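Reader: Can you walk me through this one? I'd like to start with the sheets and then look at the ligand.
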Amino acid sequence: MDSVTKRYPDGTVAVDRLTLDIPDRSITVLVGPSGCGKTTTLRMINRMVEPTEGTILLDGEDLQRQAVTTLRRSMGYVIQNAGLFQHRTILDNIATVPRMIGWGKQKSRERAAELMARVGLDASLAKRYPYQLSGGQQQRVGVARALAADPPVLLMDEPFSAVDPVVRKGLQDELLRIQDELGKTIVFVTHDIDEAIKLGTMVAVMRTGGRLAQFAPPAELLSDPADDFVEDFLGADRGIRRLSFFPSAALELSTGPVVRADATAEQLAAADGAAHLLVTDADDRPLGWAEPGELAAGDLAAGRLLSYGRPFVPGTDSLRAALDCAVLSPTGWAVAVDVDGRVTGVVSQQTIGEAIRSAHGAADSGDARTEEPADVTKVAP
Ligand SMILES: Nc1ncnc2c1ncn2[C@@H]1O[C@H](COP(=O)(O)OP(=O)(O)OP(=O)(O)O)[C@@H](O)[C@H]1O
Ligand SMILES: [Mg+2]
């Protein structure tokens, strides 16, 4: 989008000189307060709304030069409340576009059935009507319908905002999984910054008046909000949330305090000096924390153990997960496990704190800005 403006006939400037380079085969999120021009922007991409000024190029070609029908077929569109046809079955809703472009009844329905599975809808729902589905199920139908003709571009306007937080998280995870498989170019509108951060490869924060406030990957939004508006919009816990983008793989784990429940007196003595011992079963699965002073060999299995809380998986989980694990642990130590749940070591809050500081240092020195920071209230590390 190159300096695109939309002024509605009544004079409202919905979008004001918006320039955005939307990357291929990834999710770009438009986020911002109500009325800031998100829907207008999305609709200019499939030409349901025509820009007043500026140009929109798709793969280098001006949208204005393309036939609207061809363009719309190359772009799936999902809206809030799914916008399903109430008098058509689920299967026929999904088969709408394939039918429209002449695929034939049989092939269209086969495609629809395949998509139901892909978006996590049970085949038994095929013959139902939209009103017989939950809100979350209807949204899945909306996504399936948009994907039916396999368009390269998917436009999604607050598709998950009408469902409860648990269903919403499920739909978000599902979208990320589908995107991993299909690699569509997705433009996703939301007013929920957490949804934007979770889903977006790039996030465009818009402000009232249809102007772009910042366009950046989510980690950069959290570390370097462009101004007070973006910072306010990001909300509290920005520092903690940023830790989601730092891997935990490099954390140095200690195995000294880890003992098996059937440890001998010598093995216990070898772990001497640790403030707490993490006891595991013979399969290395965690059982709980013990105080070493109170123990003799043979006591461990029977002893009263403190809960080890929720372990984290280095390499998969972020520093945020590792920190959370340590904060929730009664000993202040986080338990690391492999993907099969076997203990690989333990790590203290202090070590995690050091890893956080060095991750911040690495991220900041990777920052390409050359100007002196003007913000004097920032404390030097
Ligand atoms: N057809 C129209 N005629 C006049 N003004 C319009 C029209 N459609 C939208 N607007 C105005 O343009 C501005 C942007 O609207 P838009 O629907 O793009 O916002 P939005 O960011 O999607 O908001 P929301 O989060 O509430 O969906 C608003 O001030 C709105 O009132
Ligand atoms: Mg809108």
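**Sheets first, then the ligand**

Author: This is a predicted model. In it, 6 strands make an open sheet with mixed pairing, and their order is 7-8-9-3-10-11.

Reader: Which strands stand at the edges?

Author: Strand 7 (75-79) and strand 11 (211-216) do. Each has a single partner strand, so one side of each has no neighbour in the sheet.

Reader: And by how much are neighbouring strands turned against each other?

Author: By 15° on average, ignoring direction.

Reader: What holds strands together in general?

Author: Strands of a sheet pair through backbone hydrogen bonds, either parallel or antiparallel.

Reader: OK, take strand 3 and strand 10. Do they pair in the parallel or the antiparallel sense?

Author: Parallel. Strand 3 (residues 27-31) and strand 10 (residues 202-207) share 4 bridges. V29 sits opposite V203 in strand 10.

Reader: Which strands does helix 7 lie across?

Author: Helix 7 (residues 165-182) lies across strand 3, strand 8 (153-157) and strand 9 (185-190). Its angle to strand 9 is about 165°.

Reader: How many bridges join strand 12 to strand 13?

Author: There are 3 bridges, and strand 12 runs parallel to strand 13 (residues 277-280). R260 has T280 in strand 13 as its bridge partner.

Reader: Switching to the ligand. Which residues are around ligand 1?

Author: They are Y8, D10, T12, A14, S34, G35, C36, G37, K38, T39, T40 and E158. By class, the shell has 3 nonpolar, 6 polar and 3 charged residues.

Reader: Which helix gives the most to that shell?

Author: Helix 1 (residues 38-45), with 3 residues.

Reader: What about polar atoms of T39 and T40? How far is each from an oxygen atom of ligand 1?

Author: A polar side-chain atom of T39 lies 2.7 Å from a ligand 1 oxygen. For T40, a polar side-chain atom lies 2.6 Å from an oxygen atom of ligand 1.

Reader: And G35, what part of it lies 2.8 Å from an oxygen atom of ligand 1?

Author: A backbone N or O atom of G35.

Reader: Last one. How much of ligand 1's accessible area does the protein cover?

Author: On its own, ligand 1 has 640 Å² of accessible area, and the protein covers 61% of that.

Key
Residues numbered from 1 in each chain as written. Chains lettered and ligands numbered in written order. Predicted model: local features only at pLDDT ≥ 70, side-chain atom pairs only at ≥ 80, totals over all residues. Heavy atoms only, no water. Near = heavy atom within 4 Å. Polar contact = N/O pair within 3.5 Å; in protein donor to acceptor, adjacent residues only side chain to side chain. Areas by Shrake-Rupley, 256 points an atom, 1.4 Å probe, with all protein chains shown as cover. Helix = DSSP H or I, 4+ residues; strand = E, 2+ residues; numbered from the N terminus. Nonpolar A, V, L, I, M, F, W, Y, C, P; charged D, E, K, R; others polar. Pairing = 2+ DSSP bridges. Axes fitted to C-alpha atoms, helices over the stretch in contact; angles between N-to-C directions. Contact = heavy atoms within 4.5 Å.
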